[in-house]
Amino acid sequence: MEFFIQLLVNGLSIGFLYGLAAMGFVMIFKASSVLNFAHGELMALGAFVFLVLISWAGLPVYLAFPLALIGCFILGFVVERLFLRPLIGEPLIYVIMLTVGLASIFKGIMLFIWGGNLYTFPDFLPAGLAIHWGSVNIPPVYVVSIAIGLIFLMLFGLFFKYSSQGIYMRSVADNQPAALSLGVHVRKVFALSWAIAALVAGMSGIVLGTINGINVHDLSSIGLKVFPVVILGGLDSIGGAVIGGIIIGLLETFTGGYLSTSLRDVVPYMALVFILMVKPYGLFGLVEIERV
Amino acid sequence: MESGILLQLNNISVVYSDVIQVLKGVSLSVEENRIVSLLGSNGAGKTTTLKAISGLLKTENGKVTDGDIVYRESSIQNSPPETITRLGIIQVLEGRQPFKYLTIEENLRVGTATRWGKPYKKDMELIYDYFPPLKERRKTLAGYCSGGELQMLVMGRALMAHPKLLLLDEPSLGLAPLVVKEIFAIIERINREQGTTIILVEQNAGMALQIAHYGYIMENGRIVMEGSSADLKENPDIKEFYLGMGASGDAKSYKDVKSYKRRKRWL
């Protein structure tokens, strides 16, 4: 039983992180219909920026973490401005190929600077955060990752539901010509969606880096896992991304715990194939409202 | 009533994708606080004229290649829609384009995009006053509303932006006659109470001429006739082609129409 609870908690916290990463991916897809293949690299970049700030610059966590997030946000803006904006209006496949190119560029730069080594963050979380419950041990990182996942989920939920900027973003995703006709600044919305996506990707990169260590290849390959997550949840549902993330996270840890660790990385993709066959819109994908 | 010229189109040509010429020298002028209707058959270039004014041509790979569009003494042709909407020109697209997955209230809030951060609660009340059915359904997703409600929604959404010049593209499309009457009464009220200048594109010429002060007739990318609504209503050609009445004023049946005898062009 303890083993089960331990796995459950691990799966949940990993799942929240996948969900967060996927949320950024879905945001870009919703706003501009672009599949971002550089998502894993954005996660890795976030982790490395944090690494630089915390261990090389020696900043305390409460400074380094927000600074790293702001850095990611700005990076998202810059990427959109430099690479994506000139392609607005071009066929989508060009833009998607561009993100594949961006992925290799980012990866190349990171390998150039940090090489393929495994880094670890200095122990920055207070041990008091850990939860001991009978023989179940929940290390601080997992507690923090669940907390961060919940907080950001709520923040984004409120942002999209109630803030004007969030409503403008949803209007662009819904009907772009109509949004343009009302003066919604569509290019700004694209830029904002990239910035937010880079921010949440970076954040999940940081926390995953704390759990597994920071390595260019590992972190950017997690970007691939975003695909089963979003397809499970529905490509255009932000809430679905999070729930998809949790399901994939649980699947992974339970397979790793009860079956074998080598199956661990395969299971998400098996789930992907299965979901595509049974429910191609995903669990929470938009079912087109059709007026007949 | 003030009667300065708000908008002037001087001999504009519009070309799509660098090759397809749709407008071939359209000139018209719109006085402040007036309703001007733009009539014509399908493909005459009415919608293109509106999109040239609102800047939405750009997103469809169209361009004003000749002539100029003057709004309050400054040229606005080929400006992006973000700029034009902030000058107070808002187009209501043809065929009702709601944000289907947003509620009625959220749809209306998108109308505040040109004045982001300013209070909007009072405007919302005003819109509900003009369109009472919207108030009842304000928490419903727009995708589940009826055609009449959606037409009210898209007009209300545009009003949220405090437009000086409202471009209405076929508000009567696909609506029941009674609903059309209601919508037109509201358009007239908006013009009267808010002082909003309106350009109205319509197929329903009878209704349009009833509420408009002035009218232009378009054909094949050109303006072929203009005049005050009263004059246009009395014009025998308009009567025959747009109002469905013979020269004598009787309703005409299709079986009496001999197509080879019809005068098809003014120019």
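This is a predicted model: local features need pLDDT of at least 70, side-chain atom pairs count only at pLDDT 80 or more; totals for chains, interfaces and linings use all residues.
Residues are numbered from 1 along each chain as its sequence is written, while chains are lettered from A and ligands numbered from 1 in the order in which they are written.

**Overall build**
- Chain A has 11 helices and 2 strands (DSSP runs, H or I of at least four residues for helices and E of at least two for strands, numbered from the N terminus).
- Chain A's radius of gyration, taken over C-alpha atoms, is 19 Å, close to the 19 Å from the globule rule for 292 residues, so chain A is as compact as a globular protein of that length. That rule is 2.2 Å times the number of residues to the power 0.38.

**Helix 2**
- In helix 2 of chain A, 15 of the 18 residues are buried, so the rest of the structure largely encloses it. Buried means that 20 or more other C-beta atoms, placed from the backbone, lie within 10 Å of a residue's own.
- Just after helix 2 of chain A, A:Gly58 takes a positive phi of about 70 degrees.

**Meeting chain B**
- Chain A brings 18 residues to the contact and chain B brings 28 residues (contact means C-beta atoms, placed from the backbone, within 7 Å).
- Helix 6 of chain A gives the most to chain A's side, with 6 residues.

How values were computed. A residue is buried if 20 or more other C-beta atoms lie within 10 Å of its own, exposed if 12 or fewer, and partly exposed in between; C-beta atoms are placed from the backbone. Two residues are in contact if their C-beta atoms, placed from the backbone, lie within 7 Å.
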